[in-house]
Every structure is written in C-alpha cells, then in structure tokens.
Amino acid sequence: MELIIGPRLYSTWSLRPWLVLKRCGADFTTTEIDIYSPAGQAELARISPSRLVPLLKVEGETIWDSMAISVWCAERYPEARLWPADPHARWLARSAACEMHGGFMALRTHCGMGPDHTMVGPDRSPLPTGEGLERDIRRLVSLFMEMRARFGAGGPYLFGEWSISDAFFTPVATRFRHFQVNLADVGDDGTAQAYCDALLAQPDFLEWSEAALR
C-alpha cells in the first residue's frame, strides 16, 4: 500500500488517515507531494481523481478522501477496533467524525494550517477574529466535554480508547495549540484541554511531528 500525502508540516487531511493506518499496524509506504508547487499540482492532476490528497493506492485501486480511507481501514482491520465497541458510543463517534469532516468552516477559514501556519514546530500565532469562529470553538469544547463525560472512562481519548474520531480531531488540537486558543474562555472545565493534550502526546502523532520537522 502507498499513502500519498501533502506536506507533513501542515496537511491536516493527510494526517488523519496516516494516523488510522498506523493504528492498524498496516504495512504501507508514504509519498509526500508539495501540493502548492506547479510540479505537485501536475502530479495530483495525473494521479488523483479529486486533485487532492490524501490518496491510498491498494490492490490496483486509488481510494481518495480521508474519511473513505479511514472507513476502508475499519473494514480491512477489524482487529484494530477503530470504532468503539459500545453501540451507542460507536454511533456518536461516527457522528462526531463526520461533523468534523464536513463542518467547522469558520475554524478552517480563520485558523487555517498551511505554509505560514504549520501544525508542528515552535511557531505560534495569536487567535484571529472572524464570524462564526467562537461558535465553532464553543461547539468543539461542548462536544469534547460531553463525549468524555459519557464515554471516556476507558482512556484519555474522546471515547476512552483511541478511535477514528481522534484521528479527525487531532488537527483541531494542533490548531488550538498554534493559534493559542484558551478553551477556558468558552466554557471548558479542563476536560477539552486535557483531551487535546492527549492527542498531541499520542505516539503516532509525535512520530509524524518529528518527520515533519526533519
């Protein structure tokens, strides 16, 4: 298998399925493309149906989109337990991951990751202002607090043990860190911050970060 990704420094969409594949113990190679360069754009036009990353090449097929790759992993590697075992937790874990996949546009717009705002490294930027940004942050804090309270007894992650939901929220934790978001300002009692800290300390994410900095 080959996972084709954007730059590790700031490709949040690429990080998610990479974390999922690592959790599966999958045997795969990683190819990084500079998605903003003319050469990278030409390569994406050649290999990517959507002209976007990430892509997973497996068994003669190209699977595109981070959610599609993650769902494929859950089917192929059931022993990895990528969704919670409890059915209620599983339903909500899927809801949370899909909400992240398709929503929070103000956060993405005003706290974007890219060449000037990277996921890893010492650079930090003050929190910008923008319509809807506080609403998105409040929603995330509320979601994190509720799911941790209901399902988090089995570990430090959103539903206790690590799941696909955590892969999808790891880039959120990097945005909060980079843009110096004080979650207590929007009602966090410490639960949401502790969850974000756990995501940023997760060993696979640390491996990604070290590779990005190299």
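This is a predicted model: local features need pLDDT of at least 70, side-chain atom pairs count only at pLDDT 80 or more; totals for chains, interfaces and linings use all residues.
Colleague: What kind of peptide bond joins Val53 and Pro54, and where is Pro54 placed?

Modeller: The bond between Val53 and Pro54 is cis, with omega about 5°. Pro54 belongs to the loop between α2 and β3. Most peptide bonds are trans.

Colleague: Why is the pair of Arg76 and Glu59 called a salt bridge?

Modeller: The closest N and O atoms of Arg76 and Glu59 are 3.0 Å apart. The cut-off is 4 Å between a side-chain nitrogen of Lys or Arg and a carboxyl oxygen of Asp or Glu, so the pair qualifies as a salt bridge. Arg76 lies in helix α3 (residues 66-76) and Glu59 in the loop between β3 (55-58) and β4 (61-64), so the pair ties together parts that are 17 residues apart in sequence.

Colleague: How many salt bridges does the structure hold?

Modeller: There are seven salt bridges in the structure.

Colleague: Why are α7 and α8 described as roughly perpendicular?

Modeller: Helix α7 (residues 164-178) packs against helix α8 (residues 191-201) at an angle of about 105°, and their axes are 9 Å apart. Angles of 65 to 115 degrees count as roughly perpendicular, and α7 and α8 therefore receive that description.

Colleague: Which residues make that contact between α7 and α8, and how do they divide by class?

Modeller: From α7 come Ser165, Asp166, Phe169, Thr170, Ala173, Thr174, Phe176 and Arg177, while α8 supplies Tyr195, Cys196, Leu199 and Leu200. By class, the contact of α7 with α8 has seven nonpolar, three polar and two charged residues.

Colleague: What is the volume of the largest pocket, and which residues lie closest to its centre?

Modeller: The volume of the largest pocket is about 440 Å³. It is lined by 21 residues, and those closest to its centre are Ser11, Trp13, Ile35, Leu52 and Val53. The elements that give two or more residues to this lining are α1 (12-24) and α2 (38-47). The lining divides into 10 nonpolar, seven polar and four charged residues.

Colleague: What can be said of the second largest pocket?

Modeller: The second largest pocket holds about 220 Å³ of space. Its lining has 13 residues, with Trp83, Pro84, Ala85, Phe159 and Glu161 nearest the centre. By class, this lining has seven nonpolar, two polar and four charged residues.

How values were computed:
Residues are numbered from 1 along each chain as its sequence is written. Side-chain values use heavy atoms; hydrogens and water are left out. On a 1 Å grid over the protein atoms alone, a cavity is a set of points where a 1.4 Å probe fits but cannot get out, and a pocket is an open set with protein on both sides within 12 Å along at least five of seven lines; lining residues have an atom within 4 Å of a point. Grid points are joined across faces, edges and corners, and a volume is the space filled by probe spheres set on the points. Helices (H or I, at least four residues) and strands (E, at least two) are DSSP runs, numbered from the N terminus. Ala, Val, Leu, Ile, Met, Phe, Trp, Tyr, Cys and Pro count as nonpolar, Asp, Glu, Lys and Arg as charged, and the others, Gly among them, as polar. Axes are lines fitted to C-alpha atoms, for helices over the stretch in contact, and angles run from 0 to 180 degrees between N-to-C directions. Angles under 35 degrees count as roughly parallel, over 145 as roughly antiparallel, 65 to 115 as roughly perpendicular and the rest as oblique. Contact means heavy atoms within 4.5 Å.
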